[in-house]
Amino acid sequence: MEKIGFVGTGVMGSGIINNLLKAGYQVVVYNRTKAHAAEVLAAGATWADTPKAVAQSSDVTFTMVGFPADVEAVYYGAAGIFAGAKVNQLLVDMTTSTPTLAKKLATDGQAQQFQVADAPVSGGDIGAKNGTLTVMVGATKVAYKQMQPILKAFSQRVNLFGGPGLGQHAKMANQIMIAGTMTGLTEMLVYAQAAGLNLTDVLATLHVGGADNWSMNTYAPRILQHDYTPGFFAKHFLKDLRIALDEAKKMKLDLPATKTAAQLYEQLVDQKQLGNDGTQALIKLWWPAGDQPTK
């Protein structure tokens, strides 16, 4: 089995790494803050001091960090992945990033005889923990064939959408859809509470009707328990919506509902400084923490 390198041991990365370890892979990891890697190190992963060292120690290297600037930081520079990768090594960025950067990484990697693919995921912290993520891949067919057995360790569905950058475009389509379900979930709860309905009964009813959706099933119970821990950070979702709107602008598309969702998350992240909460914290624009009913 290939030895796997993994840069980024956040909520999502840790779940993926644990599933790779359970599948029998050796995994070497790096994270900007070593303390945040404690869980996977205790589970059997080994530590490397730089992204360069991760690539040097691995056959295939994955990255899953926060923002496009973080992606650039771990790939480029004297301590970056490109400085440590070997000829023909496969490098897979799973960060939700820009299609433009994904293409740049692939082009710059090809110039140094590396294969670089983009493979963002959907399914949140639960999917990462349970190994049921959906993976959206932009890669050459050769790179896709090589990564498929590895992806099976933590995913339930993998799709190749074409060459570099197209995995990121697929993830933007995913985030546009989720933007609608998150604003719908929030306004549904606000409306139902104001009307005096029992929220538990409302959720049980919607769950078996046409309004059923993943966001409601995953996040509504957390909201009613005052649980705003991040399955996915609000600040990262805002980043994704901004990328989606920027890409839409390049394609001369107007996405008014996505613009509204971005504006709401800007209030949550930029004005209320709640970017480290989960995406379900959007409800705090209506219900301050602790004020919402739990019925």
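**Helix α11**

I started with helix α11 (residues 214-224) and found it largely enclosed by the rest of the structure, because 8 of its 11 residues are buried. Buried here means under 20% relative accessible area, exposed means over 50%, and partly exposed lies in between (1.4 Å probe, protein chains only). Helices (H or I, at least four residues) and strands (E, at least two) are DSSP runs, numbered from the N terminus.

For the record, this is a predicted model, where local features need pLDDT of at least 70 and side-chain atom pairs count only at pLDDT 80 or more, while totals for chains, interfaces and linings use all residues. Residues are numbered from 1 along each chain as its sequence is written, and side-chain values use heavy atoms, with hydrogens and water left out.

I listed the buried residues of α11: Ser215, Met216, Thr218, Tyr219, Ala220, Arg222, Ile223 and Leu224. They pack against α7 (124-130), α9 (166-194) and α10 (199-207), with contact meaning heavy atoms within 4.5 Å.

Then I checked both ends. At the start of α11, a side-chain oxygen of asparagine 213 comes to within 3.1 Å of the backbone nitrogen of serine 215. I take a polar contact as a pair of N or O atoms within 3.5 Å; within protein, one must be able to donate a hydrogen and the other to accept it, and residues adjacent in sequence count only if both atoms are side-chain atoms. After α11 comes histidine 226, in the loop between α11 and α12.

Most residues other than glycine have a negative phi. I noted that histidine 226 has a positive phi near 60° and is partly exposed, at 34% relative accessible area. Asparagine 88 also went on my list, with phi near 70°. Asparagine 88 sits in the loop between α5 (81-84) and β5 and is exposed, at 52%.

**Nonpolar cores**

I counted a nonpolar core as a set of buried Ala, Val, Leu, Ile, Met, Phe, Trp, Tyr and Cys residues joined through side-chain atoms within 4.5 Å. The largest has 34 residues, and Phe6, Ile16, Leu20, Val27, Phe62, Met94 and Phe154 have the most contacts inside it. Elements giving two or more residues to this core include β1 (4-7), α1 (11-22) and β2 (27-30). Apart from it lies another core, of 32 residues, among them Leu185, Met216, Ile223 and Val269.

**Threonine 95**

Where does threonine 95 sit? I found it in the loop between β5 and α6 (99-111). Threonine 95 is buried, with a relative accessible area of 1%. A polar atom of its side chain lies 2.9 Å from the backbone nitrogen of valine 65. The side chains of threonine 95 and aspartate 93 are joined by a polar contact of 2.8 Å. Leaving out residues up to four places away in sequence, threonine 95 touches Thr63, Met64, Val65, Gly66, Val71, Pro120 and Gln168.

**α12 against α13**

Last, I looked at helix α12 (residues 234-250) and helix α13 (residues 256-271), which pack at an angle of about 145° with their axes 9 Å apart. Axes are lines fitted to C-alpha atoms, for helices over the stretch in contact, and angles run from 0 to 180 degrees between N-to-C directions. The residues of this contact divide into 10 nonpolar, 1 polar and 5 charged. In that count Ala, Val, Leu, Ile, Met, Phe, Trp, Tyr, Cys and Pro are nonpolar, Asp, Glu, Lys and Arg are charged, and the others, Gly among them, are polar.
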